[in-house]
Every structure is written in C-alpha cells, then in structure tokens.
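Here are a few exercises to work through with the model open beside you. Try each task before you read its solution.

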Amino acid sequence: PISRPQKIICLGRNYVAHAEEWKSQVPSEPMYFSKLPSALLPHGGHVILPKGIGRVDNEVELAVIIGKTASKVKQQDAMQYVAGYTIAVDVTARDVQKAAMAKGHPWTLAKGMDTFLPLGPYLIPADTVKDPHNLAIELRINGEIRQKSNTSNMVFKIPELIESISRYITLQPGDIICTGTPEGTLPLKNGDKMEATIEGFGFLKNSIM
C-alpha cells in the first residue's frame with residue numbers, strides 16, 4: 001500500500017506483555033527506532049534470512065500511515081493527520097539486536113535488513129476504522145497462532161505518538177508509524193509460512209526463505 005515513505009518510525013516495548021516476555025521495563029515515554037524503506041516487502045513476498053545472523057523473530061504490528069504534513073501537532077488534533085492503517089511485521093534479527101544492545105549500539109542493522117518489513121495487503125482508510133485502539137491483532141506461523149492480542153493493550157496510543165514525534169520531526173504524507181508488537185515473538189525458520197491479520201484489514205501473507 002505504501003512504496004516510498006520518507007520515514008518509518010517504530011515503537012519499542014509498547015505492549016506490557018511483550019516487555020515482560022523479554023524481562024524488560026515498560027518505558028515511561030515512547031521509545032523509538034527506525035526501519036529503512038529498503039526493508040519494505042509486499043504481500044506475498046519472501047522474507048530473506050541472511051546466512052549466519054542467528055535468531056530472527058516475528059513482530060506483528062498496527063501500522064499508521066500519515067496523510068498530510070504534521071509538525072508540532074497536539075494530541076487532540078492528531079487523528080486528522082492519519083490517512084489510514086495497514087498490517088506490518090517488524091522482522092527482527094534478535095541475536096544481532098542483543099549484541100548491539102550489549103555494546104550500547106542502536107538497532108538499525110537488526111531491524112533494517114532487506115525484506116524485514118512486510119506491509120499490507122491494503123491501506124484501510126482512517127474514516128472506515130471506528131476505533132484503531134480496539135482491534136484484534138494476530139500472527140500465525142504455519143497455521144499455528146503465535147501472537148494474539150488487541151490494540152487496546154498498547155501503552156502509548158496513536159495521538160500521543162503523533163504529538164511526540166511531530167514535536168521534533170515533521171511527518172510527511174506516506175510516512176509510517178509502527179505501533180509496537182504484543183507478546184509471542186519467537187524464531188522464524190526457512191520455509192515458514194507467515195500470516196498476519198488485524199481485525200477488518202485482511203491477511204498479510206509472506207514466506208520465509
């Protein structure tokens with residue numbers, strides 16, 4: 001649904017249960033990192049696991065697509081800057097991420113590898129979604145449920161995120177905000193079939209190679 005965003009801004013530890021499964025503290029304010037536009041992968045595409053990088057995990061997320069230029073936006077006005085929503089999977093090279101964290105380095109490599117952001121299959125217009133903070137979210141691997149939650153469990157909601165980001169960074173049409181993942185992040189392996197869904201959004205299907 002989006003091919004050339006200027007920016008892809010993602011949330012870390014935005015679901016309490018996900019933070020707990022990694023024995024991490026829930027942040028007191030939004031914790032951001034970036035993925036790269038070259039990581040985007042369409043519905044039906046193959047997630048490529050580079051040789052020798054170790055464990056790679058699934059992280060299904062609600063993605064927010066910005067519809068118009070947003071700078072210094074207040075929470076009460078934030079939702080008018082949203083064009084729509086879609087499904088994202090923040091594929092993460094977990095061993096690479098852990099090694100970077102141990103050294104105090106950023107996560108760019110672990111998060112930004114080619115094909116590490118499946119997105120789609122549709123852009124769901126914002127005005128057709130009654131409440132983006134009350135949507136079932138689920139990911140299956142080879143038909144088995146791996147992640148199952150609801151966007152109501154997000155710690156920081158969309159208006160707060162847009163206000164927080166746009167205070168310092170101007171959001172442009174087509175920019176993507178990935179709102180964090182629930183618990184159930186487990187290793188992927190070659191040959192896996194991945195199916196992500198958010199209530200009313202269809203199914204984002206990708207295979208692992």
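**Exercise 1.** Work out whether Thr181 is buried or exposed, then find its polar partners.

*Solution.* Start with the surface: Thr181 has a relative accessible area of 2%, so it counts as buried (buried is under 20%, exposed over 50%, partly exposed in between; 1.4 Å probe, protein chains only). A quick note on the source: this is a predicted model, where local features need pLDDT of at least 70 and side-chain atom pairs pLDDT 80 or more, while totals for chains, interfaces and linings use all residues. Residues are numbered from 1 along each chain as its sequence is written, and side-chain values use heavy atoms, without hydrogens and water.

Next, look for polar contacts (N or O pairs within 3.5 Å; within protein, one atom must be able to donate a hydrogen and the other to accept it, and residues adjacent in sequence count only if both atoms are side-chain atoms). The side chain of Thr181 makes one of 2.8 Å with the side chain of Gln147. A polar atom of that Thr181 side chain also sits 2.8 Å from the backbone oxygen of Val60.

**Exercise 2.** Find which strands stand at the edges of the five-strand open sheet.

*Solution.* First write down the order, E4-E14-E13-E10-E11, with mixed pairing (strands, E, are DSSP runs of at least two residues, numbered from the N terminus; two strands pair if DSSP finds at least two bridges between them). Then check the ends: E4 (46–47) and E11 (144–150) each have a single partner strand, so one side of each lacks a neighbour in the sheet. Further in, E10 (residues 136–141) runs antiparallel to E13, joined by five bridges.

Key:
Helices (H or I, at least four residues) and strands (E, at least two) are DSSP runs, numbered from the N terminus.
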